[in-house]
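Student: Please take me through one part of this structure slowly. I am new to it and would like a close look at the place where the chains meet.

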There are 2 protein chains.
Amino acid sequence: MTKLDKFSPLEKFEGIEEYWSPKIAAEFNGQQMRLAKLKGEFVWHSHEHEDEVFFVLDGELKIELRDRTINLKSGEVFVVPRGVEHRPVAESEVRVMLIEPAETVNTGATQSEWTQKNIGWV
Amino acid sequence: MTKLDKFSPLEKFEGIEEYWSPKIAAEFNGQQMRLAKLKGEFVWHSHEHEDEVFFVLDGELKIELRDRTINLKSGEVFVVPRGVEHRPVAESEVRVMLIEPAETVNTGATQSEWTQKNIGWV
């Protein structure tokens with residue numbers, strides 16, 4: 001996890017098995033770049049104080065908001081502003097880069113079976 | 001520049017003409033995602049308080065450090081830690097995504113003809 005190595009986010013996915021279980025790829029300025037494999041429907045949640053960047057590296061991801069749905073393809077980015085309820089939905093497996101504060105919990109204020117207690121590096 | 005739109009970083013490069021002149025594509029948690037076309041040799045500089053993420057979207061970029069050189073290809077990431085002197089060098093045009101605090105100046109503490117006074121959105 002030395003900060004002084006380059007890396008390929010896509011290649012790091014070889015070390016990620018589980019869905020909905022982000023791993024840290026880099027840390028900078030109190031933020032983390034996290035990598036996650038997603039498939040299926042996540043829980044509705046929001047992050048009160050944290051904006052959350054979704055960057056789809058491979059596949060397609062829907063981000064449902066309460067009033068509309070954002071359809072992201074490979075290479076597309078969406079920033080979910082703090083406080084905005086959202087639910088990621090992936091019909092097929094998708095590989096996503098997230099950027100968010102180091103203290104961000106994956107399910108925000110929603111407690112769920114998906115809630116990640118500790119987040120490791122990949 | 002509404003935060004509630006998705007975007008493709010690579011497509012945004014259609015709006016970027018100048019080399020070494022980053023434009024803001026997104027803002028979150030006090031950080032900015034900036035897009036820059038680079039070609040040639042930049043100036044040696046460092047950012048005293050800010051880590052700087054380089055994500056090469058298209059092309060190849062060398063990041064010279066005082067003791068070695070990081071060679072980045074498309075899809076590779078390197079985080080220059082705060083305080084570390086570096087010089088980006090691109091033999092051919094390269095398209096790069098930067099992530100850094102909103103207050104980061106492109107040439108850090110080094111004043112240069114490249115120093116960007118105001119940074120616009122793309």
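Tutor: Here is a walk through the contact and the strands behind it.

This is a predicted model, in which local features need pLDDT of at least 70 and side-chain atom pairs count only at pLDDT 80 or more, while totals for chains, interfaces and linings use all residues. Residues are numbered from 1 along each chain as its sequence is written, with chains lettered from A and ligands numbered from 1 in the order in which they are written.

Start with the two copies. The same surface serves both: 100% of the contact residues of chain B recur in chain A. Contact requires C-beta atoms, placed from the backbone, within 7 Å.

Now the contact. Chain B gives 23 residues and chain A gives 23 residues. On the side of chain B, the elements that give two or more residues are helix 1 (9-12), strand 1 (23-28), strand 5 (69-72), strand 6 (77-80) and strand 7 (86-101). These are DSSP runs numbered from the N terminus: helices are H or I of at least four residues, strands E of at least two. Strand 6 of chain B gives the largest share, three residues. By class, this side has 14 nonpolar, four polar and five charged residues. Ala, Val, Leu, Ile, Met, Phe, Trp, Tyr, Cys and Pro count as nonpolar; Asp, Glu, Lys and Arg as charged; the others, Gly among them, as polar.

Next, strand 6 (residues 77-80) in chain A. Both of its faces are covered. A:Val77 and A:Val79 on one side, and A:Phe78 and A:Val80 on the other, are all buried (20 or more other C-beta atoms within 10 Å of their own; 12 or fewer is exposed, in between partly exposed; C-beta atoms are placed from the backbone). Strand 6 of chain A pairs with strand 3 (residues 52-58) of chain A in the antiparallel sense over four bridges; pairing takes at least two DSSP bridges. Here A:Glu52 stands opposite A:Val80.

Finish with strand 2 (residues 31-41) of chain A. Eight of its eleven residues are buried. Strand 1 of chain A pairs with strand 2 of chain A over five antiparallel bridges. Ten bridges join strand 2 to strand 7 of chain A, also antiparallel.

Terms used. Two residues are in contact if their C-beta atoms, placed from the backbone, lie within 7 Å.
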